[in-house]
Amino acid sequence: MFNPEVASNNQLKDITERLNNNFDIGIIAYLFNKSKIWIILTFILAFSVAFLYLRYSQPIYESHAILQINEANHADNILKIDNFEGQTNDLATAIEQIRSKVFLKRVVEKLDISANYYSEGTFKNNELYSQSPYLIKINPKPGIVYGQKIYVELNSQLNGGILKIGGKNEKFQVNNWLKLKDFDINVYLNPQMTTTYIKELLRDNKAFYFIMSDVEAVTGSIQSKLELKVMNESAKTILLKVKDVNSAKSTDIVNAITEEYLTYDVERKSESSRSILAFIDGQLNSVYNDLKTTESDLQQFKKENNFTDKDLLINSDMLRYTSVEDQLLKVEMEEKIVAEIQANISKNKGIDIYELVSLISGTDYENSIRDVTQSIQKLLLEKENLLYHVTPSSEQIKQINYQLENQKKLLLESLDAIRLKYKTKVKNLLEKSSDFKNRLNKNPDNEVEFSRLSRLYSISEKYYTMLLEKKTEFSISKASYVSKSSILEKGQGLGAKVSPSSRNAILVALLVSLLFSVGLVFMRYLFHDKIYTLNDITKYSSGNVALLGIVPKYSSNIPVSQLIVDKNPKALISESFRTIRTNLSFIDNTPGSKIISITSTISGEGKTFVAINIAGILAFTGKRVVIIDLDMRKPKIHRGFGVTNNIGMSTILTNTTTVEECFNDSPMENLKFITAGPTPPNPSELILNDKLDEVITYLKSKFDYVVIDNAPIGLVTDGIATIQRANYPIYVFRAGYSKKMFTQILDKLKNESNIKDLAVVLNDVDLSKKIYSYNYGYGYGYGYGYGSGYYSEEDNFKRKSKKKS
């Protein structure tokens, strides 16, 4: 009996062996040929998908430009003005600035691309950009819903139309403002197009609509489409790439980014000069008013007291006194500036570095705190760059804020030390001033007052002059800020198409088809469990089994188990049975009557067909042959010969009829057969009783060969007894139908049932398949290599003659 559990284990073992051993090229070729319809369908499907992908997917276009970064400012170098921006604006900084949303938002506002124009198609929509027949001006109101489709239908006169917004229709006039709930809109015709061309567009397209997007959303979209990379670090060049669904739009965006960066670069670099100039202008107004007031007071004093400059030059003590007073006023002024800086820092909790620089410019302590101010400036720039990418509450910003607080404390301590120094100096100068004042005899009060007014006027005049000089320097520096960065290459024409790629789509389709085809054949190779060749039988059975031969596939469908060797005795299939007949003599060539017992594993393997035609080919030699049908559960002998099955072996074994009464004549003179008879309720018991032995002994006495068609022993064990008794036990497999696991029954019959001369016939072999050319060659010397047709030589000759005519 067939054991499914053992068969399953053998199948897993078979898969493992196939992976470990060399691949069987013949089986692979056969499976490939068997799978060719699926392979062809896979190629057709894959390339159809590729065609649809290329036809209906949205094209993506790419434009590029090259930007060279240069941070130098020659005017600052000539005027020897400190560069308060530091030296941090390298390529990495430029890339991050261009990629930042703050910068890209300027580009979006410059291009005015918040409104996107589309034409609606059956399968895909196309963005028109500048090729839209109409354009819009829109003033959004609070609460506007972005992202909705707004259809525009222009009338035939092109002077108005209808806006379709969320199921509502709103009439509009071209070039007139229409006030709606969410926005005010003005629709006007594209000035770059003629009315004739616009009418052609309206006629050729299904519908037109536009979508309003938030500036932030458009900025984010451009940020995702923008690609930046360093081309040459030594030359400081950056490659910018922009991808978009519209070719002209991609070019405009990449050019707008490069041009806007030059403008942004100038604004950023001149920011410090603008801040300093604004502070200087404020100081100039204040100092100018003080200067005018002091000058007026001095003139009034001279007039009232008849003072001249000569009066002061006569007295040397007065000159020295005046000098001391000048020094005192200067020191007091600088001490006042330091106090103002400290108060400003403490009050505002922050540092305006540009205002600080302008305040300390030209003072004696300028160099003392230069290092601290530069450190603060560097940290502020670093913080500004980080805010493009992180939030103010991030750890990086917190770390920089901590460092700024430390620098602020250090600055305040330095200012405290400077202020203490000035207070000491003021004290000393006051003592000297008091000494000189006591030694003045003549009108000391008038002289002192005159000296004080003169000193105030002189200081105010010097301070005013210094501010004018600084304003001139920074004005020249600001005017010289022309961006040194340059556009080496602009985006030209329309963007190049980068997706979908026809080449990539075809390659992917080809690769998927090949992988699927190889995978299909490989999986079929791993899991195919059918017997195709005699080599499969010898490979998967452990015992030595005699190979009687193969029975080729018949050229057309055969009626159930029909005798065919008598119809085309010269055909290849008849020749194969002759070979089997010849090979039987090598198994047992002793004289006397012989029993041929034929079985298989399951029904449908062709054992009855083989039994009938082996009997027929033996009858051709003049031998007396009888066939008996012992497959009582599913008898077929009577169907093969076209007779009834009213009596037969079942009636003989139950003593209902005699053997002589059950003989049937065949179309061949020496061939008789006995059908199975009516199906009994106990076929196994009938076959295993002694009556069967008597019948077989009787038949042997009357015939040279007794051919027994047994039931499949993979399902029932009825036929084992007759196979053990047979001179020629034959086991039939069917190519492409019988499973490899069936070969285990051969080992079981030989080892457990002690059937020594068991032989194998492989039925229904299709010699036209490539697998057999690999595994058979010329059929083990049996003469199966000379053709794949199954006609007689006369038929072949007639067919060739018809083809020639």
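Colleague: In what order do the strands of the open sheet of 6 strands run?

Modeller: Please note that this is a predicted model. In general, strands of a sheet pair through backbone hydrogen bonds, in either a parallel or an antiparallel manner. Here the order is β3-β2-β10-β5-β6-β7, and the pairing is antiparallel. The edges are formed by β3 (126-127) and β7 (168-173); each has a single partner strand, so one side of each is left without a neighbour in the sheet.

Colleague: Over how many bridges do strands β2 and β10 pair?

Modeller: Residues 115-120 of β2 and residues 207-212 of β10 are joined in the antiparallel sense over 6 bridges. As one example, Tyr118 has Tyr209 in β10 as its bridge partner.

Colleague: At what angle do the axes of helices α19 and α20 cross?

Modeller: Two packed helices are described by the angle between their axes and the distance between those axes. For α19 (residues 572-587) and α20 (residues 607-619), the axes come within 9 Å and cross at roughly 80°. That makes α19 roughly perpendicular to α20. The residues of this contact comprise 8 nonpolar, 2 polar and 2 charged. Among them are Ile573 and Phe577 in α19, and Phe609 and Ile617 in α20.

Colleague: Is Thr743 buried or exposed?

Modeller: Thr743 is buried, its relative accessible area being 2%. This residue is placed in the loop between β21 (728-734) and α27 (744-751). A polar atom of the Thr743 side chain lies 2.7 Å from the backbone oxygen of Lys740. Leaving aside residues up to four places away in sequence, Thr743 touches Ile531, Ile537, Tyr540, Ser541 and Phe733.

Key:
Residues numbered from 1 in each chain as written. Predicted model: local features only at pLDDT ≥ 70, side-chain atom pairs only at ≥ 80, totals over all residues. Heavy atoms only, no water. Axes fitted to C-alpha atoms, helices over the stretch in contact; angles between N-to-C directions. Helix = DSSP H or I, 4+ residues; strand = E, 2+ residues; numbered from the N terminus. Parallel < 35°, antiparallel > 145°, perpendicular 65-115°, else oblique. Contact = heavy atoms within 4.5 Å. Nonpolar A, V, L, I, M, F, W, Y, C, P; charged D, E, K, R; others polar. Pairing = 2+ DSSP bridges. Buried < 20%, exposed > 50% of the residue type's maximum accessible area, 1.4 Å probe, protein only. Polar contact = N/O pair within 3.5 Å; in protein donor to acceptor, adjacent residues only side chain to side chain.
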